[in-house]
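Let's take a friendly walk through some side-chain contacts in a protein model. Keep the picture open while you read, and look up each residue as it comes along.

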Amino acid sequence: MEHRVGPAPDAAPQVRPYHHPAAGWGAAKSVTRVLVEERELVDGPRAIMRMNHENGGFDCPGCAWPDDTKGLRLDICENGIKHVTWEMTRKRVDRAFFAAHSVTELAGWSDYDLENQGRLTEPMAYDPESDHYVPISWKEAFEVVGAALRGLDDPNRASFYTSGRLGNEATFLYQLMARELGTNNLPDCSNMCHEASGRALQAALGTGKGTVDLKDWESADALFILGVNAASNAPRMLTALAEAERRGAQIVHVNPLVEAAATRTIVPHEFLDMALFKSTRTSTLNLQPRIGGDMALLRGMAKAVLEQSASDPKALDATFVERHTAGFEEYRALCAATPWEELERQSGLSRADILRAARVYTEADRSIVSWCLGLTQHEHGVDTVREIVNLLLLRGNIGREGAGPSPVRGHSNVQGNRTCGIDHRPTEAFLDRLADACGIDPPREHGLDTVRTIQAMRDGEVKVFVAMGGNFALAAPDTAATYAALRSCDLTVQVSTKLNRSHLVHGRAALILPCLGRTEKDHQRKGVQRTSVEDSMSMVHLSLGMKRPASPHLLSEPAIVAGMARAALPDSETPWDWYIEDYDRIRDTMAVALDGFEDFNRRVRLPLGFRIKQPARELVFLTPSGRAEFSTAALPDVVPEPGTLALGTMRSHDQWNTTIYSDDDRYRGVNNLRTLVFMNRADMRERGIADMGAVDITSTAKDGSHRYLKGYTAVPYDIPRGCAAGYMPEMNVLCALGDYSTQSDQPIMKHVKVTIVPAAGG
């Protein structure tokens, strides 16, 4: 069994304050180490020069930050290179590996060690008699899937999950297969991440997406970054932040933790700055609200704008509000009725801090507000995002250059998945167009999202679970409940590139179907194929792999979907094989079926691709009133009860979603430790917890049940009183399956109610 290169797993944990710029030489050193360890000193640099470029480049399989608009030759980041090198590894998980290791044995390995074994090479089926995965042909594997789906007494007994990495063409075929089967059970990772953003923006503006693009970021006077750890989650944002600071824009970061990206950076492709160790500030103001306190901050800023407008009419864009919005007077009255004392209490910030942020906002002509999971994974996530829109509407910061809402999608093409049909709540208009374009009769009732899929599997209502990418067993909440749900299925199917926990937590029958990676050439009958992706700012562009596939037995994701569909729908008139011969044919159908994809094949080949039309950007609001809608939601009470803390889960820097590259977290100064909890030092003293002391963590769910983590290490950190933080996926066990937002149905991973005490016997 291979273990990580570097410190042994039992090396002594170390925590030291991090005072260096984000990116810079730390990132360069980390990238070099990864290239050396993976023995990719030739193909690795070649991939770096081809990533995120038009005319033969491939799209980074990491985050969804848009490609540079100025022809930058190194539009890359540390995490993107890690992700690509991890995919390009020379290590292989073949039939000999599975013959040597039982599932029971592999279940005892760490998640790092599982993925570190390398790329999967051929389809495998679980053999319960031997407790091993054994080889199976593609034809036989597809027939296993087809027979299971054909044998269901109701198509809603199957559920089809999607992670963000799936390309648009495979996404479209996947949802087409599910709907032709007769179900809208299409859960995806957005159900756990940005569902609140989509629902809030749809209600307020008539669109589920942000309205800005990268050029807007380049011309904004003020940038407000809320609940985002950009240096780890969207590192290429650092370039935009550095450029904004140099042109004099104001940059306000709002986060319970002051992350490295909120201080200063050295952008690696700026070679002179690298040579001179010259850093650039990435913020002009840092605010640390309590966990869940962002909505109170935003309302306080809006209250300040409205109060200022009494003496300074320019503080409020009254003309915009009158022409383009609905509900303003009700919102003005709500702000006036909200006491400053309550805003301070709920936000955890002083009135002076809130006014400081409001001053930045009113002095800027054009403002962008950007956010990530720090705002959405709460009970009140939808209300908070709507409060962002409220604030933007007050000064007309919608529908003009350099202004608007900008959600940060965390995974490449997660937004494209939703655009191309992965939606358990499809609109009638979408289904009507799909029916006309594809000649099917899609189901009209809503399907199951992620949480309800887990509940349905647990209760025996869903018998077949198919996952296109991701590591569902680790990504989902309430780990024990998710494991039990997966094991209750008759069949689980995982389409993957690497071995992970979800292959070991499986149904009575299980398949591993290995697919091509984003970096690899996709050979089909009509030649090497390109796939398309959509970034977080609605740009759609092509991606072309450059490397020989890790195994001759790998299939592309579209081909795998088509193979399952042929077997499950033997009488289908959909030309599955014809589609796979040439992906242009898929795109031609998508052009008819999807709003905004007209003339798809021509436009996607333009330099940088094309931007999907965005009515709200043109001040066309597809809401019931035909206007942008103010929200008048009540402020939630987010102050922890005495003795409890609000805990938020997050990623370490050396991690991408559930893929863990090491036990380090460079930007938070952590080495050789993941089983930790960051706490305010005063909260630690109050509980008798020593620095680096062992603690036990207990979460309390809405239904009163408890979940536990034992023997974690308490690390003192600059975080507000009453707040704590630690790493997912380890801490997902603390978030009960029933603890999801009633507004968005998202698991409340950023607001878990916990008690933390010194470890028993410690």
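## Charges over rings

Arg 651 sits over the face of Trp 656, 4.1 Å from the ring centre. A charge counts as over a ring when NZ of Lys or CZ of Arg is within 6 Å of the ring centre and within 35 degrees of the ring normal.

## About the model

This is a predicted model, in which local features need pLDDT of at least 70 and side-chain atom pairs count only at pLDDT 80 or more, while totals for chains, interfaces and linings use all residues. Residues are numbered from 1 along each chain as its sequence is written, and side-chain values use heavy atoms, leaving out hydrogens and water.

## Salt bridges

A salt bridge here is a side-chain nitrogen of Lys or Arg within 4 Å of a carboxyl oxygen of Asp or Glu. By this rule there are 47 salt bridges. One of them joins Glu 520 to Arg 119, at 2.9 Å from N to O. This pair links distant parts of the chain: Glu 520 is in the loop between β18 (509-514) and β19 (523-524), while Arg 119 is in strand β4 (residues 119-120), 401 residues apart. (Strands are DSSP runs of E with at least two residues, helices are runs of H or I with at least four, and both are numbered from the N terminus.)

Are these two residues buried or exposed? Glu 520 is buried at 5% relative accessibility, and Arg 119 is buried at 0%. Buried means under 20% relative accessible area, exposed over 50%, and partly exposed in between, using a 1.4 Å probe and protein chains only. Arg 602 and Asp 599 form another salt bridge, with their closest N and O atoms 2.5 Å apart; Arg 602 is partly exposed at 48%, and so is Asp 599 at 40%.

## Aromatic pairs

Rings of Phe, Tyr and Trp (its six-membered ring) pair if their centres lie within 6.5 Å; planes under 30 degrees apart are stacked, over 60 edge-to-face, and the rest tilted. The whole structure holds 22 aromatic pairs. Among them, Trp 65 and Trp 217 are edge-to-face, with 5.0 Å between centres and 85 degrees between planes. Trp 65 lies in the loop between α2 (43-50) and α3 (78-87) and Trp 217 in helix α10 (residues 214-217), so the pair ties together parts 152 residues apart in sequence.
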